[in-house]
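Please look over the structure shown here. A short briefing on its main features comes after it.

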Amino acid sequence: MARAELFVALLCLCLAGLATGAAGARKMVGVYELRTGDFSVKITNFGARVMSVVLPDSKGAGLVDSFLITAFQRATKMVQYDSRLAVLAGNFADVVLGKDTIAEYVNDTLYFGPVTGRVAQRVSRGRFVLDGKAYHLYKNDGNNTIHGGGRGFSKSIWTVKEYVGNGESPYITLYYHSFDGEQGFPGAVDAYVTYQLSSPYTLGVHMNATALDKATPVSFLLHSYWNLGGHGSGDVLGHTLQLFASRHTVLDDELLPSSGRVEPVAGTPLDFRTPTPIGERIHKVKVMGGRVVGYDANYIIDGEGMRPVAIARDGASGRKLELWAHQPTMQLYTGNFLEHVVGKDGKMYNQYGGFCLETMWYVDAVNHPEFPSQTLRPGQVYKHDMVFKFSF
(Lines give C-alpha, C1' and ligand atoms only; values in the text may rest on other atoms or scores of the structure.)
Protein backbone atom coordinates (compact mmCIF):
# COMPACT_ATOMS: atom_id res chain seq x y z
CA MET A 1 0.00 0.00 0.00
CA ALA A 2 1.32 3.46 -0.90
CA ARG A 3 2.15 5.81 1.99
CA ALA A 4 -0.70 8.20 1.10
CA GLU A 5 -3.21 5.34 0.94
CA LEU A 6 -2.04 4.02 4.29
CA PHE A 7 -2.50 7.46 5.83
CA VAL A 8 -6.06 7.69 4.46
CA ALA A 9 -6.85 4.20 5.76
CA LEU A 10 -5.64 5.04 9.27
CA LEU A 11 -7.50 8.35 9.19
CA CYS A 12 -10.74 6.56 8.23
CA LEU A 13 -10.38 4.20 11.17
CA CYS A 14 -9.72 7.05 13.60
CA LEU A 15 -12.66 9.10 12.34
CA ALA A 16 -14.96 6.09 12.53
CA GLY A 17 -13.99 5.51 16.14
CA LEU A 18 -14.50 9.17 17.07
CA ALA A 19 -17.86 9.32 15.32
CA THR A 20 -19.23 6.39 17.31
CA GLY A 21 -17.91 7.89 20.53
CA ALA A 22 -20.38 10.78 20.38
CA ALA A 23 -23.36 8.45 20.74
CA GLY A 24 -21.96 6.12 23.39
CA ALA A 25 -18.88 4.17 24.32
CA ARG A 26 -16.08 4.74 21.86
CA LYS A 27 -15.41 1.76 19.63
CA MET A 28 -11.76 0.80 19.29
CA VAL A 29 -10.43 -1.51 16.59
CA GLY A 30 -8.36 -4.43 17.77
CA VAL A 31 -7.22 -7.99 17.08
CA TYR A 32 -8.39 -10.75 19.41
CA GLU A 33 -6.87 -14.22 19.59
CA LEU A 34 -8.80 -17.35 20.51
CA ARG A 35 -6.59 -20.32 21.40
CA THR A 36 -7.15 -23.84 22.60
CA GLY A 37 -4.20 -26.21 22.53
CA ASP A 38 -2.36 -25.81 19.22
CA PHE A 39 -5.41 -24.35 17.47
CA SER A 40 -5.49 -20.55 17.12
CA VAL A 41 -7.89 -18.09 15.46
CA LYS A 42 -7.55 -14.31 15.26
CA ILE A 43 -10.58 -12.04 14.89
CA THR A 44 -10.82 -8.29 14.41
CA ASN A 45 -13.89 -6.24 15.22
CA PHE A 46 -13.37 -4.30 11.98
CA GLY A 47 -15.91 -6.11 9.86
CA ALA A 48 -16.20 -8.93 12.44
CA ARG A 49 -13.67 -10.70 10.25
CA VAL A 50 -11.51 -13.79 10.57
CA MET A 51 -7.87 -12.75 10.14
CA SER A 52 -6.15 -16.09 10.65
CA VAL A 53 -6.76 -19.76 11.44
CA VAL A 54 -3.56 -21.56 12.45
CA LEU A 55 -3.42 -25.32 12.91
CA PRO A 56 -1.09 -28.27 12.30
CA ASP A 57 -1.14 -30.73 9.43
CA SER A 58 -1.29 -34.52 9.53
CA LYS A 59 2.41 -34.74 10.47
CA GLY A 60 2.52 -31.90 12.98
CA ALA A 61 -0.65 -32.35 15.05
CA GLY A 62 0.24 -32.39 18.71
CA LEU A 63 4.01 -32.24 18.15
CA VAL A 64 4.49 -28.76 19.58
CA ASP A 65 2.96 -27.77 22.88
CA SER A 66 0.84 -24.62 22.67
CA PHE A 67 2.67 -23.28 25.74
CA LEU A 68 5.90 -23.21 23.76
CA ILE A 69 4.24 -21.40 20.85
CA THR A 70 2.69 -18.83 23.19
CA ALA A 71 6.03 -18.32 24.95
CA PHE A 72 7.74 -17.85 21.59
CA GLN A 73 5.14 -15.28 20.55
CA ARG A 74 5.62 -13.32 23.76
CA ALA A 75 9.40 -13.48 23.59
CA THR A 76 9.44 -12.18 20.03
CA LYS A 77 6.51 -9.78 20.59
CA MET A 78 4.77 -11.50 17.68
CA VAL A 79 1.15 -10.38 17.28
CA GLN A 80 0.33 -12.21 14.05
CA TYR A 81 1.20 -15.76 13.09
CA ASP A 82 3.99 -15.70 10.49
CA SER A 83 6.58 -17.98 8.93
CA ARG A 84 8.74 -17.93 12.07
CA LEU A 85 6.19 -20.18 13.75
CA ALA A 86 6.62 -22.63 10.89
CA VAL A 87 10.31 -22.84 11.80
CA LEU A 88 9.37 -23.57 15.40
CA ALA A 89 6.48 -25.94 14.74
CA GLY A 90 7.47 -27.36 11.40
CA ASN A 91 3.98 -28.31 10.27
CA PHE A 92 1.71 -25.42 11.23
CA ALA A 93 0.02 -23.13 8.72
CA ASP A 94 -2.44 -20.27 8.55
CA VAL A 95 -5.19 -21.58 6.26
CA VAL A 96 -7.12 -18.38 5.51
CA LEU A 97 -6.13 -15.62 3.10
CA GLY A 98 -5.96 -12.06 4.37
CA LYS A 99 -3.87 -9.02 5.27
CA ASP A 100 -1.24 -8.34 7.92
CA THR A 101 -2.80 -5.17 9.37
CA ILE A 102 -6.28 -3.81 9.98
CA ALA A 103 -5.44 -0.68 8.01
CA GLU A 104 -5.00 -2.80 4.88
CA TYR A 105 -8.55 -4.12 5.23
CA VAL A 106 -10.03 -0.61 4.96
CA ASN A 107 -9.41 -0.50 1.21
CA ASP A 108 -9.98 -4.22 0.66
CA THR A 109 -12.46 -4.86 -2.16
CA LEU A 110 -12.05 -8.66 -2.22
CA TYR A 111 -13.77 -9.30 1.13
CA PHE A 112 -11.04 -11.16 2.97
CA GLY A 113 -12.76 -12.79 5.94
CA PRO A 114 -15.58 -10.42 7.02
CA VAL A 115 -19.21 -10.90 7.90
CA THR A 116 -21.22 -9.25 5.12
CA GLY A 117 -24.71 -7.75 5.42
CA ARG A 118 -27.31 -6.39 5.93
CA VAL A 119 -28.02 -8.47 2.83
CA ALA A 120 -25.11 -10.58 1.57
CA GLN A 121 -24.48 -11.33 -2.09
CA ARG A 122 -26.33 -9.33 -4.74
CA VAL A 123 -29.52 -7.28 -4.84
CA SER A 124 -30.62 -6.69 -8.42
CA ARG A 125 -30.38 -3.06 -9.53
CA GLY A 126 -29.91 -2.05 -5.90
CA ARG A 127 -33.67 -1.91 -5.52
CA PHE A 128 -36.55 -3.83 -3.99
CA VAL A 129 -40.17 -3.26 -3.01
CA LEU A 130 -41.37 -4.14 0.49
CA ASP A 131 -44.93 -3.63 1.69
CA GLY A 132 -45.62 -1.49 -1.38
CA LYS A 133 -42.70 0.88 -0.88
CA ALA A 134 -39.62 0.96 -3.12
CA TYR A 135 -36.19 1.10 -1.48
CA HIS A 136 -33.02 2.13 -3.28
CA LEU A 137 -29.67 0.86 -2.04
CA TYR A 138 -26.09 1.99 -2.54
CA LYS A 139 -24.83 0.34 -5.74
CA ASN A 140 -21.30 -1.02 -5.46
CA ASP A 141 -21.34 -3.78 -8.09
CA GLY A 142 -22.10 -2.10 -11.39
CA ASN A 143 -25.87 -1.68 -11.52
CA ASN A 144 -26.33 -3.87 -8.46
CA THR A 145 -25.65 -3.92 -4.74
CA ILE A 146 -23.37 -6.55 -3.24
CA HIS A 147 -22.67 -7.52 0.38
CA GLY A 148 -24.70 -4.69 1.89
CA GLY A 149 -23.39 -1.75 -0.14
CA GLY A 150 -20.32 0.45 -0.03
CA ARG A 151 -20.22 0.55 3.76
CA GLY A 152 -21.86 -2.70 4.71
CA PHE A 153 -21.17 -4.70 7.85
CA SER A 154 -17.73 -5.63 6.47
CA LYS A 155 -16.57 -2.00 6.64
CA SER A 156 -18.06 -1.24 10.07
CA ILE A 157 -16.50 -1.27 13.52
CA TRP A 158 -18.27 -3.78 15.76
CA THR A 159 -18.40 -3.57 19.56
CA VAL A 160 -16.73 -6.32 21.57
CA LYS A 161 -19.37 -7.47 24.04
CA GLU A 162 -17.58 -10.49 25.52
CA TYR A 163 -14.12 -11.97 25.06
CA VAL A 164 -12.50 -15.04 26.60
CA GLY A 165 -9.27 -15.80 24.79
CA ASN A 166 -8.21 -19.11 26.37
CA GLY A 167 -9.55 -22.16 28.15
CA GLU A 168 -11.54 -25.13 26.94
CA SER A 169 -13.93 -23.06 24.82
CA PRO A 170 -12.62 -19.54 24.12
CA TYR A 171 -14.99 -17.16 22.38
CA ILE A 172 -15.67 -13.59 21.33
CA THR A 173 -19.07 -11.94 20.80
CA LEU A 174 -19.32 -8.84 18.59
CA TYR A 175 -22.26 -6.45 18.26
CA TYR A 176 -23.29 -3.97 15.57
CA HIS A 177 -26.26 -1.61 15.46
CA SER A 178 -27.37 -0.96 11.89
CA PHE A 179 -29.45 2.21 11.79
CA ASP A 180 -32.64 2.87 9.85
CA GLY A 181 -31.71 3.87 6.29
CA GLU A 182 -28.13 2.56 6.41
CA GLN A 183 -27.06 1.98 2.78
CA GLY A 184 -30.76 2.40 1.91
CA PHE A 185 -32.14 -0.48 4.00
CA PRO A 186 -35.29 0.18 6.03
CA GLY A 187 -35.43 -0.12 9.81
CA ALA A 188 -32.86 -0.54 12.55
CA VAL A 189 -31.25 -3.93 13.22
CA ASP A 190 -29.20 -5.24 16.14
CA ALA A 191 -26.66 -7.80 14.92
CA TYR A 192 -24.44 -10.21 16.88
CA VAL A 193 -21.68 -12.61 15.83
CA THR A 194 -19.97 -15.09 18.15
CA TYR A 195 -16.81 -17.00 17.22
CA GLN A 196 -16.08 -19.95 19.53
CA LEU A 197 -13.41 -22.66 19.55
CA SER A 198 -13.87 -26.17 20.86
CA SER A 199 -11.85 -29.36 20.70
CA PRO A 200 -10.80 -30.96 18.59
CA TYR A 201 -10.08 -28.18 16.06
CA THR A 202 -13.64 -26.84 15.73
CA LEU A 203 -14.65 -23.25 15.00
CA GLY A 204 -18.29 -22.34 15.58
CA VAL A 205 -19.76 -19.15 14.10
CA HIS A 206 -23.11 -18.02 15.45
CA MET A 207 -24.90 -15.01 13.94
CA ASN A 208 -28.22 -13.47 14.85
CA ALA A 209 -30.04 -10.22 14.18
CA THR A 210 -33.26 -8.63 15.39
CA ALA A 211 -35.40 -6.20 13.39
CA LEU A 212 -36.27 -3.38 15.77
CA ASP A 213 -38.85 -1.08 14.21
CA LYS A 214 -39.55 -1.83 10.53
CA ALA A 215 -39.74 -4.80 8.19
CA THR A 216 -36.38 -5.35 6.51
CA PRO A 217 -34.51 -8.05 4.56
CA VAL A 218 -31.63 -9.71 6.42
CA SER A 219 -29.05 -12.26 5.22
CA PHE A 220 -25.44 -12.55 6.44
CA LEU A 221 -22.52 -14.64 5.28
CA LEU A 222 -18.89 -15.22 6.28
CA HIS A 223 -16.54 -14.48 3.38
CA SER A 224 -13.37 -16.36 4.38
CA TYR A 225 -11.02 -17.65 1.69
CA TRP A 226 -9.64 -21.09 2.58
CA ASN A 227 -6.44 -22.76 1.42
CA LEU A 228 -5.79 -25.88 3.48
CA GLY A 229 -2.20 -26.01 2.28
CA GLY A 230 -1.63 -22.62 3.91
CA HIS A 231 -2.34 -19.13 2.61
CA GLY A 232 -0.03 -18.20 -0.23
CA SER A 233 0.95 -21.83 -0.85
CA GLY A 234 -0.38 -21.82 -4.41
CA ASP A 235 -3.75 -22.61 -5.93
CA VAL A 236 -6.48 -24.85 -4.52
CA LEU A 237 -7.22 -26.70 -7.77
CA GLY A 238 -5.88 -29.93 -6.27
CA HIS A 239 -8.13 -29.74 -3.20
CA THR A 240 -10.94 -32.27 -3.37
CA LEU A 241 -14.40 -30.91 -2.64
CA GLN A 242 -17.68 -32.61 -1.82
CA LEU A 243 -20.92 -30.61 -1.63
CA PHE A 244 -24.14 -31.96 -0.18
CA ALA A 245 -26.18 -30.25 -2.86
CA SER A 246 -28.04 -31.83 -5.76
CA ARG A 247 -29.50 -28.55 -7.11
CA HIS A 248 -28.23 -25.07 -7.92
CA THR A 249 -29.75 -21.65 -8.51
CA VAL A 250 -29.32 -20.67 -12.15
CA LEU A 251 -27.35 -17.40 -12.25
CA ASP A 252 -27.07 -15.04 -15.22
CA ASP A 253 -24.05 -13.09 -16.51
CA GLU A 254 -24.35 -10.69 -13.55
CA LEU A 255 -24.48 -13.62 -11.10
CA LEU A 256 -28.15 -12.90 -10.39
CA PRO A 257 -30.98 -15.47 -10.38
CA SER A 258 -32.91 -13.46 -12.98
CA SER A 259 -34.88 -16.48 -14.23
CA GLY A 260 -35.73 -17.74 -10.75
CA ARG A 261 -34.91 -21.28 -11.92
CA VAL A 262 -33.45 -24.03 -9.75
CA GLU A 263 -31.95 -26.96 -11.67
CA PRO A 264 -30.12 -30.25 -10.92
CA VAL A 265 -26.32 -30.24 -10.84
CA ALA A 266 -26.19 -33.73 -12.36
CA GLY A 267 -24.41 -33.75 -15.69
CA THR A 268 -22.95 -30.26 -15.22
CA PRO A 269 -19.50 -28.97 -14.12
CA LEU A 270 -21.21 -27.85 -10.89
CA ASP A 271 -21.65 -31.43 -9.66
CA PHE A 272 -19.59 -32.02 -6.49
CA ARG A 273 -21.86 -34.64 -4.94
CA THR A 274 -18.90 -37.00 -4.83
CA PRO A 275 -15.38 -35.83 -3.84
CA THR A 276 -13.88 -34.14 -6.91
CA PRO A 277 -10.76 -31.99 -7.40
CA ILE A 278 -11.77 -28.33 -7.65
CA GLY A 279 -9.72 -27.97 -10.82
CA GLU A 280 -11.08 -31.03 -12.61
CA ARG A 281 -13.88 -29.17 -14.43
CA ILE A 282 -13.18 -25.55 -13.51
CA HIS A 283 -12.28 -24.51 -17.07
CA LYS A 284 -15.75 -25.54 -18.19
CA VAL A 285 -17.36 -23.00 -15.86
CA LYS A 286 -17.69 -19.45 -17.16
CA VAL A 287 -19.10 -16.59 -15.12
CA MET A 288 -19.55 -12.85 -15.66
CA GLY A 289 -20.46 -13.12 -19.32
CA GLY A 290 -17.76 -15.69 -19.99
CA ARG A 291 -14.95 -13.25 -19.18
CA VAL A 292 -13.71 -15.15 -16.13
CA VAL A 293 -13.39 -18.89 -15.75
CA GLY A 294 -14.12 -20.35 -12.33
CA TYR A 295 -16.81 -21.18 -9.81
CA ASP A 296 -19.11 -18.48 -8.46
CA ALA A 297 -22.16 -20.70 -8.12
CA ASN A 298 -25.09 -20.87 -5.73
CA TYR A 299 -26.09 -24.31 -4.44
CA ILE A 300 -29.30 -25.41 -2.72
CA ILE A 301 -28.17 -27.52 0.24
CA ASP A 302 -29.93 -30.87 0.55
CA GLY A 303 -32.06 -31.43 3.64
CA GLU A 304 -33.06 -29.08 6.42
CA GLY A 305 -31.77 -27.94 9.80
CA MET A 306 -28.17 -28.21 10.92
CA ARG A 307 -26.60 -30.53 8.36
CA PRO A 308 -23.39 -31.18 6.41
CA VAL A 309 -22.73 -28.65 3.64
CA ALA A 310 -19.22 -29.33 2.35
CA ILE A 311 -16.05 -31.36 2.88
CA ALA A 312 -12.72 -30.15 1.47
CA ARG A 313 -9.35 -31.94 1.64
CA ASP A 314 -5.77 -31.05 0.76
CA GLY A 315 -3.78 -34.17 -0.02
CA ALA A 316 -0.35 -32.63 0.52
CA SER A 317 -0.97 -31.45 4.10
CA GLY A 318 -3.63 -34.01 4.98
CA ARG A 319 -5.87 -31.24 6.30
CA LYS A 320 -9.62 -31.67 6.01
CA LEU A 321 -12.34 -29.06 6.47
CA GLU A 322 -15.93 -30.07 7.14
CA LEU A 323 -18.65 -27.40 7.14
CA TRP A 324 -22.06 -27.74 8.79
CA ALA A 325 -24.80 -25.09 8.67
CA HIS A 326 -28.56 -24.64 8.63
CA GLN A 327 -28.91 -22.04 5.88
CA PRO A 328 -30.69 -23.06 2.65
CA THR A 329 -27.97 -22.15 0.11
CA MET A 330 -24.22 -21.80 -0.28
CA GLN A 331 -22.12 -19.79 -2.71
CA LEU A 332 -18.96 -21.53 -3.90
CA TYR A 333 -16.35 -19.02 -5.05
CA THR A 334 -12.87 -20.04 -6.21
CA GLY A 335 -10.97 -16.75 -6.03
CA ASN A 336 -11.44 -16.03 -9.72
CA PHE A 337 -10.55 -12.34 -9.33
CA LEU A 338 -7.41 -12.79 -7.27
CA GLU A 339 -4.48 -11.43 -9.28
CA HIS A 340 -1.12 -10.38 -7.87
CA VAL A 341 -2.68 -9.54 -4.49
CA VAL A 342 -0.13 -9.07 -1.71
CA GLY A 343 -1.38 -10.89 1.37
CA LYS A 344 -0.07 -11.80 4.80
CA ASP A 345 3.67 -12.27 5.25
CA GLY A 346 4.18 -10.72 1.79
CA LYS A 347 2.68 -13.81 0.13
CA MET A 348 1.25 -13.33 -3.35
CA TYR A 349 -2.32 -14.44 -3.97
CA ASN A 350 -3.28 -15.27 -7.54
CA GLN A 351 -6.30 -16.76 -9.29
CA TYR A 352 -7.67 -19.82 -7.45
CA GLY A 353 -5.46 -19.07 -4.45
CA GLY A 354 -8.39 -19.76 -2.11
CA PHE A 355 -12.00 -20.87 -2.08
CA CYS A 356 -15.05 -19.55 -0.22
CA LEU A 357 -17.94 -21.60 1.17
CA GLU A 358 -20.56 -18.93 1.83
CA THR A 359 -23.66 -20.33 3.52
CA MET A 360 -26.51 -17.87 3.15
CA TRP A 361 -30.14 -17.24 2.24
CA TYR A 362 -31.36 -17.35 -1.37
CA VAL A 363 -29.63 -14.85 -3.67
CA ASP A 364 -31.73 -11.71 -4.31
CA ALA A 365 -34.68 -13.30 -2.51
CA VAL A 366 -36.12 -9.84 -1.84
CA ASN A 367 -36.80 -9.52 -5.59
CA HIS A 368 -38.02 -13.11 -6.12
CA PRO A 369 -41.35 -14.05 -4.52
CA GLU A 370 -40.79 -17.64 -5.71
CA PHE A 371 -37.93 -17.92 -3.17
CA PRO A 372 -38.56 -18.17 0.60
CA SER A 373 -38.79 -14.70 2.14
CA GLN A 374 -35.76 -13.19 3.88
CA THR A 375 -37.82 -10.37 5.41
CA LEU A 376 -37.83 -9.84 9.16
CA ARG A 377 -40.76 -8.12 10.83
CA PRO A 378 -40.18 -6.01 13.97
CA GLY A 379 -39.20 -8.27 16.83
CA GLN A 380 -38.35 -11.24 14.61
CA VAL A 381 -34.89 -12.79 14.89
CA TYR A 382 -32.60 -14.02 12.11
CA LYS A 383 -30.23 -16.88 13.01
CA HIS A 384 -27.29 -18.28 11.07
CA ASP A 385 -25.00 -20.94 12.56
CA MET A 386 -21.92 -22.54 11.00
CA VAL A 387 -19.48 -25.13 12.32
CA PHE A 388 -16.05 -25.60 10.73
CA LYS A 389 -14.47 -28.91 11.78
CA PHE A 390 -10.80 -29.46 10.95
CA SER A 391 -9.02 -32.81 11.01
CA PHE A 392 -5.89 -34.44 9.64
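The points below go from the overall fold to the annotated site, its surroundings, the aromatic rings and the backbone.

This is a predicted model. The protein has 392 residues, and 55% of them are buried. Four helices and 30 strands make up its secondary structure. Of the contacts between residues at least 6 apart in sequence, 68% join residues at least 24 apart.

**Annotated site**

- An unreviewed UniProt entry lists His223 and Glu358 under "active site". The two are spread over 136 residues of sequence, yet they cluster in space, with a largest C-alpha distance of 6.2 Å. Both His223 and Glu358 belong to the lining of the largest pocket.
- His223 sits in the loop between β15 (221-222) and β16 (240-243). Its relative accessible area is 5%, so His223 is buried.
- A polar atom of the His223 side chain lies 2.8 Å from the backbone oxygen of Tyr111.
- Beyond its neighbours within four places in sequence, His223 is in contact with residues including Leu110, Tyr111, Phe112, Gly113 and Pro114. Thr116, His147, Cys356 and Glu358 are also among the contacts of His223.
- Glu358 is part of strand β28 (residues 356-360). Its relative accessible area is 1%, so Glu358 is buried.
- The side chain of Glu358 makes a polar contact of 3.0 Å with the side chain of Gln121.
- Leaving out residues up to four places away in sequence, Glu358 touches residues including His147, Leu221, Leu222 and His223. Thr329, Met330, Gln331 and Tyr333 are also among the residues that Glu358 touches.

**Around the site**

- Which residues around the site does His147 contact, leaving aside its neighbours within four places in sequence? Among them are His223 and Glu358. The contacts of His147 also include Tyr111, Thr116, Gln121 and Leu221.
- His147 is in the loop between β9 (145-146) and β10 (159-164). At a relative accessible area of 2%, His147 is buried.
- The side chains of His147 and Thr116 are joined by a polar contact of 3.3 Å.
- Phe112 occupies the loop between α4 (102-106) and β5 (115-116). Phe112 is buried because its relative accessible area of 1% falls under the 20% limit.
- Phe112 and Arg49 are 63 residues apart along the chain, and their C-alpha atoms are separated by 7.8 Å.

**Aromatic rings and charges**

- The whole structure holds 20 aromatic pairs. In one of them, Phe153 and Trp158 have ring centres 5.8 Å apart and planes at 85°, so the pair is edge-to-face. Phe153 and Trp158 are both buried.
- Ring pairs also link Phe39, Tyr201, Trp226, Phe388, Phe390 and Phe392 into a cluster.
- Lys161 lies over the face of Tyr175, 5.4 Å from the ring centre.
- Arg281 lies over the face of Phe272, 5.8 Å from the ring centre.

**Backbone geometry**

- Most residues other than glycine have a negative phi, and most peptide bonds are trans. The following points depart from that pattern.
- Gly117 and Arg118 are joined by a cis peptide bond, with omega about 10°. Arg118 lies in the loop between β5 and β6 (122-123).
- A cis peptide bond also joins Ser199 and Pro200, with omega about -5°. Pro200 lies in the loop between β12 (189-198) and β13 (202-211).
- Ala48 is not a glycine, yet it has a positive phi of about 50°. Ala48 is in the loop between β2 (39-44) and β3 (49-56).
- His340 also has a positive phi of about 50° without being a glycine. His340 is in the loop between β25 (329-333) and β26 (341-342).
- Are these two residues, Ala48 and His340, buried or exposed? Ala48 has 0% relative accessibility, so Ala48 counts as buried. His340 has 57% relative accessibility, so His340 counts as exposed.

Key:
Residues numbered from 1 in each chain as written. Predicted model: local features only at pLDDT ≥ 70, side-chain atom pairs only at ≥ 80, totals over all residues. Heavy atoms only, no water. UniProt positions renumbered as here; feature names shortened; annotations may be inferred. 1 Å grid on protein atoms, 1.4 Å probe; cavity = no way out; pocket = protein on both sides within 12 Å on 5 of 7 lines; lining within 4 Å. Helix = DSSP H or I, 4+ residues; strand = E, 2+ residues; numbered from the N terminus. Buried < 20%, exposed > 50% of the residue type's maximum accessible area, 1.4 Å probe, protein only. Contact = heavy atoms within 4.5 Å. Polar contact = N/O pair within 3.5 Å; in protein donor to acceptor, adjacent residues only side chain to side chain. Phe/Tyr/Trp six-rings, centres within 6.5 Å; stacked < 30°, edge-to-face > 60°. Lys NZ or Arg CZ within 6 Å of the ring centre and 35° of its normal.
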